[in-house]
Amino acid sequence: MARNPTSLHLAPFTEKIRVSVATMTVLVGIFCFVYGFFYALFTPYMLVIFFIPPALLAVAVVWTLPATDRPPLRSVENLFFAFTAALVVWPRYLALALPGLPWITMDRLTGFPLVFLLLVSLSTSPSFRKSLIGMMKTRPPIFLLLGIFVLIQFASIGFSHDKGQSVQKFLVAQISWTAIAVTGVYIFSLPGRLETWARTLWLTAIVVGAIAAVEHVKQQAPWVGHIPSFLKVEDPSVLRTLAGGSRAATGEYRVSSTFSTPLGLAEFLALSMPFVVYFAVYSTNSLARVAAAATVPFLFTIIVWTDSRLGMVGFLGTSLLYPLAFGVLRWRARRDDMVGPAIVLAYPLVFAGFVVATLFVHRLNKAIWGGGAQAASTATRQTQVHIGIPMILRHPWGHGIGMGADALGFVSPAGVPTIDSYYLSIGLEYGIIGFIVYFSLILTALYAAGIGLLKQGADAKQTALLVPIVISLINFVVVKSVFSQQDNHPLVFMMIGATVAVVSSNGADASMVATPHVRRQRWWRRTSPSSQR
């Protein structure tokens with residue numbers, strides 16, 4: 001029987017395909033053999049490194065997904081708010097601790113799928129990708145600075161003496177910081193989402209405050225003695241947290257609530273307090289305004305129970321800056337009104353009087369500048385600065401992400417390497433350039449939010465929320481001079497994303513191009529009875 005001419009013509013190509021498949025099969029087999037050998041040899045001590053090839057394969061698969069006009073953006077939004085709540089309400093030291101892996105905490109259980117679905121959306125929706133990139137191209141270039149900082153973080157791994165630990169820190173930072181900022185640009189460009197997030201922050205502050213109140217009564221965390229075995233982390237730092245702590249000079253118990261230290265709780269309250277005040281000032285609902293006003297003294301009491309100066313500085317910073325912002329914006333919006341000018345013109349006298357009061361009123365002086373009980377911590381910070389600055393100058397490229405405390409070599413009375421100032425920490429980890437880029441990022445976001453607020457005014461809810469963002473970022477910059485832990489950093493990167501979303505030239509309309517569920521919401525508003533009245 002005669003052979004098909006077409007099959008004769010395709011025979012060489014068929015043979016090449018067979019050879020290629022056979023070659024790939026052999027190479028994959030060799031890779032699996034080598035991979036399995038080293039996996040058996042080094043796990044569980046280097047387990048993170050063995051996740052890199054599957055992770056790269058997953059990224060490649062995501063990037064080759066077919067295009068669609070319905071990316072999973074609703075799930076991204078839901079996970080974003082779940083991540084916000086889990087970050088604050090769930091104690092980070094109650095986690096699954098598998099050998100060789102970072103702790104599997106509640107915020108990571110929501111953060112990883114959040115990032116995965118964000119990548120899927122970027123891969124499958126060209127319109128979403130285009131609109132998101134368009135919003136990120138702000139002036140000043142906030143996300144350009146963030147990209148440079150990510151590169152510095154990655155490069156710093158090469159200078160680390162514990163590269164496995166630095167790789168873990170780098171991956172966690174990209175999920176909890178970078179990806180959260182990118183997601184925030186999209187989420188906060190949607191109508192009403194920024195106010196919903198602020199309301200979530202207010203609610204979580206009440207929850208952690210209530211937990212702190214119970215802790216203050218019991219003199220220990222409420223879950224001590226009731227932790228399931230699979231959530232117990234056998235780590236000295238966790239045991240110290242569960243044991244609670246008191247200031248040595250006074251013996252007064254210091255509440256931590258869901259945070260690992262009283263300072264972490266105080267920092268969170270300093271960051272969230274401006275948003276609570278926002279609802280007390282700008283909310284159109286009378287009940288909400290009364291509830292927010294009642295929340296302020298409650299949270300102030302919790303700050304007092306943390307016995308933390310940084311929390312008190314954040315509270316007083318909010319109390320001083322919010323009236324000034326309110327006065328400036330009212331003066332700009334209502335030229336014929338006397339309230340705004342009166343507040344602004346009287347502010348220098350009020351501020352000077354406050355500074356004088358901190359120097360001569362004993363209780364206020366102790367709360368801001370500290371007394372004998374805080375002398376030891378002040379001396380510790382001064383010693384660390386005297387040791388750390390010469391180290392940064394001798395090693396200006398840094399010691400690697402997550403290696404700041406080890407590089408400093410300062411040991412707490414408990415025998416644990418510690419570092420108090422995040423200024424010092426970031427200089428030791430990322431070097432002089434990393435220090436400049438990081439704080440340029442924060443200050444640029446602060447500047448963009450302030451300029452956007454002055455240009456647009458505070459009439460719209462979305463724009464008015466720039467007021468607490470500006471104050472919260474100022475509190476953050478001040479607090480970081482005396483506190484190096486990074487538990488609340490994701491909230492700050494959310495605020496960076498919110499700033500970009502609000503001041504972006506594209507605004508919310510650009511993001512709606514790529515969000516089918518938002519288009520459906522717009523259609524619903526057009527056809528709803530309320531929109532036709």
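The dialogue below goes from the chain as a whole to a helix pair and then to aromatic rings.

Guide: Keep in mind that this is a predicted model.

Visitor: How many helices and strands does the chain have?

Guide: There are 23 helices and two strands in the chain. The chain has 533 residues, and 46% of them count as buried.

Visitor: Among contacts between residues at least 6 apart in sequence, what percentage join residues at least 24 apart?

Guide: The figure for this chain is 76%.

Visitor: How are two packed helices described?

Guide: The description uses the angle between their axes and the distance between the axes. Here, take helix α12, residues 309-333, and helix α19, residues 466-479. Their axes are 9 Å apart and the packing angle is about 145°. The crossing of α12 past α19 is right-handed.

Visitor: Which residues of α12 and α19 meet?

Guide: On the α12 side they are L310, V313, G314, G317, T318, L321, Y322, A325 and L329. On the α19 side they are V467, P468, I471, I474, N475, V478 and V479. By type, the residues of this contact between α12 and α19 comprise 12 nonpolar, four polar and no charged.

Visitor: Now the aromatic rings. What makes two rings a pair, and when is the pair edge-to-face?

Guide: Two rings pair if their centres lie within 6.5 Å, and planes over 60 degrees apart count as edge-to-face. The count by this rule is 21 aromatic pairs. In one of them, Y278 and F279, the ring centres are 5.1 Å apart and the planes stand at 75°, so this pair is edge-to-face.

Visitor: Are Y278 and F279 buried or exposed?

Guide: Buried means under 20% relative accessible area. Y278 has 2% relative accessibility, so Y278 counts as buried. F279 is also at 2%, and therefore counts as buried.

Visitor: What about the rings of Y438 and F439?

Guide: Their centres are 5.1 Å apart and their planes lie at 90°, so Y438 and F439 are an edge-to-face pair. Y438 is buried, because its relative accessibility is 0%. F439, at 9%, counts as buried as well.

Visitor: Where does the charged end of K480 sit?

Guide: The charged end of K480 is over the ring of Y422, at 5.4 Å from the ring centre.

Terms used: Residues are numbered from 1 along each chain as its sequence is written. This is a predicted model: local features need pLDDT of at least 70, side-chain atom pairs count only at pLDDT 80 or more; totals for chains, interfaces and linings use all residues. Side-chain values use heavy atoms; hydrogens and water are left out. Axes are lines fitted to C-alpha atoms, for helices over the stretch in contact, and angles run from 0 to 180 degrees between N-to-C directions. Helices (H or I, at least four residues) and strands (E, at least two) are DSSP runs, numbered from the N terminus. A crossing is left-handed if the near helix is turned anticlockwise from the far one by less than a right angle, and right-handed if clockwise. Contact means heavy atoms within 4.5 Å. Ala, Val, Leu, Ile, Met, Phe, Trp, Tyr, Cys and Pro count as nonpolar, Asp, Glu, Lys and Arg as charged, and the others, Gly among them, as polar. Rings of Phe, Tyr and Trp (its six-membered ring) pair if their centres lie within 6.5 Å; planes under 30 degrees apart count as stacked, over 60 as edge-to-face and the rest as tilted. Buried means under 20% relative accessible area, exposed over 50%, partly exposed in between (1.4 Å probe, protein chains only). A charge sits over a ring if NZ of Lys or CZ of Arg is within 6 Å of the ring centre and within 35 degrees of the ring normal.
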